Amino acid sequence: MSVIQLLQQAIEARHHLFDAAHHSAFRLFNGFSEGDPDLVIDLYGATLVFHNYAEDVTQGLAQVKQAHEFLLHLLPWIHAEVVKTRSGLTQMERRGQLFFGDNPDDKIQEQNIWYAIDLMMNRDASFYLDTRYLRQWLIKNMRDKSVLNTFAYTGSLGVAALAGGANRVVQLDLNRQFLNLAKESYALNGFPVPKRDFIVADFFPAISRFKHGGERFDCILIDPPFFSTTSKGKVDQVHESARLINKVRPLINDGGTLVAINNALYVSGGEYIQTLESLCKDGYLKIKELIPVPEDVIGYNRTNAPITDPSPFNHSTKIAILDVKRK
């Protein structure tokens, strides 16, 4: 099938996700599973983000141009397009370059909550589409809870917790620029922006300071990057998920919740469940539920199997909710 035929199928499957105001965000086409692994297209408001995964950048760009012409005809309200080139030679190419229009959207709306975005700030688009159902879960379950959002990135999970009535949300990330975008999300929703709850720090010493200060939280979210090393420690989702979880366990109140996310593509769902089950053997952690990834992100009309079997999860982004007891 041509890329145009694949896009027609993809859009037909996602017709229910379009909103009249063009404020929503979702994956328009997942080429990895829907027939063209060189191309992924996301929609943020009225802005398209093309992810060019082709090893031959020029060939990939030709596909982007085809998709651009087809989509502008089909979706005439699109006002901007950004292309992110995975194999680009410069950081600018990898973070994204304006391909069409003037001003990419700088906010989107989900569940009546606004989230600030900066589509060219990072290699991804500053807002994770695969955790949509987790944000919904936080909205429903965080009323009157205290929350620590580690590896917060641009803070969308913490924003969802606040929207759900959390009494305190601490956003922790090593990058000040990312947390500044979280503050913009707060402002968009009329939330107060307490400076003390935006902590720019490395995960390991920050967790140690919380422990020494006797701080506790009702819910801790741990959504680490795939791999990262700083002078203070190493984050490795392939080999060290259990270690990271054990780092935060002492900070969770009795009867509290741990939200553990592993998005390592080469860690199967079975392997990750084994890790979690081994942590639960002492009786102080219990797997409560698994949060699925939305089907638009996974892909409709899937023609290609994932690299590793995500079962019992439905995607390589593996999200587990655990109940916590204290000794």
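In the predicted model, an open sheet is built from seven strands, arranged in the order S10-S9-S8-S11-S14-S16-S15 with mixed pairing. Its edges are formed by strand S10 (198-200) and strand S15 (285-291), each of which pairs on one side only. From one strand to the next, the twist averages 15°.

Within this sheet, strand S11 (residues 217-222) pairs with strand S14 (residues 252-262) in the parallel sense, and five bridges connect the two. In this pairing, Cys219 is positioned opposite Thr257 of S14.

Two helices are found packed on the sheet. Helix H7 (residues 176-189) touches strand S9 (168-173) and S10, and the direction of H7 makes about 170° with that of S10. Helix H10 (residues 269-280) packs on the sheet through S14, S15 and strand S16 (318-324), all of which H10 touches; the direction of H10 makes about 150° with that of S15.

A further packing arrangement involves helix H8 (residues 203-212) and helix H9 (residues 241-248), whose axes lie 10 Å apart at an angle of about 30°. Because angles under 35 degrees count as roughly parallel, H8 is described as roughly parallel to H9. On the H8 side, the contact is made by Phe203, Phe204, Ile207 and Lys211, which meet Arg243, Leu244, Lys247 and Val248 in H9. Classified by residue type, the contact of H8 with H9 comprises five nonpolar and three charged residues, with no polar residues.

Definitions and conventions:
Residues numbered from 1 in each chain as written. Predicted model: local features only at pLDDT ≥ 70, side-chain atom pairs only at ≥ 80, totals over all residues. Heavy atoms only, no water. Pairing = 2+ DSSP bridges. Helix = DSSP H or I, 4+ residues; strand = E, 2+ residues; numbered from the N terminus. Axes fitted to C-alpha atoms, helices over the stretch in contact; angles between N-to-C directions. Contact = heavy atoms within 4.5 Å. Parallel < 35°, antiparallel > 145°, perpendicular 65-115°, else oblique. Nonpolar A, V, L, I, M, F, W, Y, C, P; charged D, E, K, R; others polar.
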